[in-house]
Amino acid sequence: MSGQPERPPRWLLFWGLLLAEKALCLAVLHRIAYTEIDWRAYMEQTTQFLGGERDYAKIAGGTGPLVYPAGHVYVFSLLNWMTSGGENVHLAQWIYADFAVLTLFVVLSLYMASKRVPWFALPLLILSKRIHSIFILRLFNDPVAMIPLYFSILTLSKGQFTLSSVLFSLALSVKMNILLFAPAFALLMFQSVGITQSVKNACIALALQVALAFPFIYAGYAESYFHRAFELSRQFLFKWTVNWRFVNEDTFLSRPFALALLACHLVLLLAFTVKWTKSFGGLSHVLRRGFKNPAPQILNLDYILLTMFTSNLIGITFARSLHYQFYSWYFYTLPYLLFRSSIPLLMKYGMFFIIEYCWNVYPSTNNSSLLLFVCHVVLLASLLFTPTGNVGLKQSAPLSVENGDGKEKVN
C-alpha cells in the first residue's frame with residue numbers, strides 16, 4: 001500500500017519478533033519478582049487429584065474450590081510433576097515464558113498470512129506489560145487455554161475441520177472463556193462443511209469433553225464434575241472487576257444488570273452475523289446452502305479471523321466481570337481488530353495503548369473501567385460499520401486439501 005513503510009523480509013519480521021519476545025520474557029523473569037495468586041491453589045488442587053480424589057466438590061486450594069474443566073487438571077498435574085509439586089516456581093516461570101513464545105508463534109503465523117493487516121501492526125503483539133505479567137509473574141491458566149484455541153483457528157483456515165474442532169474442545173477443557181468464540185466457530189464450521197459434518201464435528205468435540213471427564217464420571221462423581229467445571233451461574237466479586245468499577249456494587253450484583261448484558265451480547269452477535277454473511281449472499285442464503293450439505297470449502301483466513309476475534313470481543317465487552325488475567329483472552333486479537341476497523345491510524349495505536357493502560361491500573365478505578373468500556377464499544381461500532389468487502393472464500397471450488405503423499409482428500 002502506498003505511503004506505508006517498506007516491509008522487511010517476512011522471515012526477519014517473524015523470527016525477529018519471536019526472539020524479541022523471548023528476550024523480553026527472560027528480562028521479566030530475571031528482573032521482576034514473582035507474585036503468588038493462583039499457582040499454589042492449582043498445585044494444591046492437582047496434588048489432591050494425583051492423590052486419588054475424584055470428587056470435584058472436595059477438591060480445593062487456598063483460593064477456593066476447583067472450578068475448571070478436566071483439561072486444566074491434566075495440564076497443571078503435569079506442571080505439578082515437572083516442578084516438584086509446584087515448589088520449583090522458577091522452572092514454572094521458564095515454562096510459561098515458552099508458552100508466551102509459542103502463543104506468539106501461532107498468532108504471528110495467522111497475522112503473517114493475513115492480507116488485511118500491515119506489517120507495522122505486528123510489533124504491538126509484544127508490547128504489553130500486563131500480558132508478560134500474566135504469563136511469567138502470575139502463572140494463570142488463562143493463556144494456557146488460548147494456545148489450542150489459536151491453533152484451532154489456524155487449522156480451520158487450512159481446511160482441517162475435524163482437527164480444528166478437537167483443538168477447540170481441548171481449549172474449552174482448560175477454561176470456559178473459549179465459549180465466547182463458539183458462536184463464530186459454529187457459523188464458520190457450518191459455512192465450511194454444512195450441517196451434517198458440523199453436527200459430527202460437534203459430537204466429536206463433545207465426546208472429547210466426556211473422555212477427558214471419564215476419571216471423574218467413572219468414580220461416580222459426574223454431577224459434581226459438570227456442576228463445578230461448567231458452572232454458568234458463578235458470581236464474581238465486585239472488588240476484582242476491571243470493567244464495571246464505574247457502576248455501583250448493587251447494580252453490578254443485580255439480576256437486571258446481568259440480563260441487560262446478556263441481551264446486548266445476543267443483539268450484537270445477531271447484528272454481526274448479518275454483517276459477516278453479507279458477502280455470501282446474506283444469512284438466509286448461508287442457512288439454505290448449509291442445510292443442503294454442499295461440498296466443503298475453505299474460508300478466507302481474514303474472514304475467519306475477523307469473525308472469531310469479533311465474536312470474542314463482543315463477549316468480553318458485555319462480560320459479567322473481567323479480572324486482570326482475562327486480558328489474555330483477547331490481547332493478541334486487538335491489533336488485528338484495530339487495523340480492520342475504520343479508526344484513523346494514529347487513533348488505532350492510541351486506542352491500543354489506552355486499553356493497555358486500563359489493564360495496568362490496579363486496583364481499577366471508575367475512570368479506568370469506563371475508559372476501557374468506551375474503547376471496546378468504539379471498536380465494536382467501527383467494526384460493525386466498516387465495510388468488509390468480499391472476504392468470503394479462499395477458493396470458490398470445492399475443498400481439496402493435499403495430504404502428505406500428494407493425494408487429495410476432504411476432511
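Reader: Why does Asp98 count as partly exposed?

Author: Asp98 has 42% relative accessibility. Buried means under 20% relative accessible area and exposed over 50%, with partly exposed in between (1.4 Å probe, protein chains only), so Asp98 counts as partly exposed. Bear in mind that this is a predicted model, where local features need pLDDT of at least 70 and side-chain atom pairs count only at pLDDT 80 or more, while totals for chains, interfaces and linings use all residues. Side-chain values use heavy atoms, with hydrogens and water left out, and residues are numbered from 1 along each chain as its sequence is written.

Reader: What makes Lys22 and Asp98 a salt bridge?

Author: The N to O distance between their side chains is 2.6 Å. A salt bridge needs a side-chain nitrogen of Lys or Arg within 4 Å of a carboxyl oxygen of Asp or Glu, so the Lys22 and Asp98 pair qualifies. Lys22 sits in helix H1 (residues 10-31) and Asp98 in helix H4 (residues 89-113), 76 residues apart. Helices here are DSSP runs of H or I with at least four residues (strands are E, at least two), numbered from the N terminus.

Reader: How do you know that Arg40 and Glu87 form a salt bridge?

Author: Their closest N and O atoms are 3.4 Å apart, and the cut-off is 4 Å, so the pair counts. Arg40 belongs to helix H2 (residues 39-50), Glu87 to the loop between helix H3 (70-82) and H4. Glu87 is called exposed because its relative accessibility is 57%, whereas Arg40, at 27%, is partly exposed.

Reader: And what ties Lys175 to Asp142?

Author: A salt bridge, with the closest N and O atoms 2.6 Å apart. Lys175 lies in the loop between helix H7 (161-172) and helix H8 (182-218) and Asp142 in helix H6 (residues 142-157), so the bridge joins parts 33 residues apart in sequence. Lys175 and Asp142 are both buried. In all, the structure holds 3 salt bridges.

Reader: Which residues make the nonpolar surface patch?

Author: Trp11, Leu12, Trp15, Leu102 and Phe105, covering about 530 Å². Patch residues have over 30% relative accessible area and no salt bridge; nonpolar side chains (Val, Leu, Ile, Met, Phe, Trp, Tyr) are joined within 5 Å, like charges within 9 Å. Areas come from the Shrake-Rupley method with a 1.4 Å probe, and only the protein chains shown count as cover for residues. Leu12, at 43%, is partly exposed, so it clears the 30% threshold.
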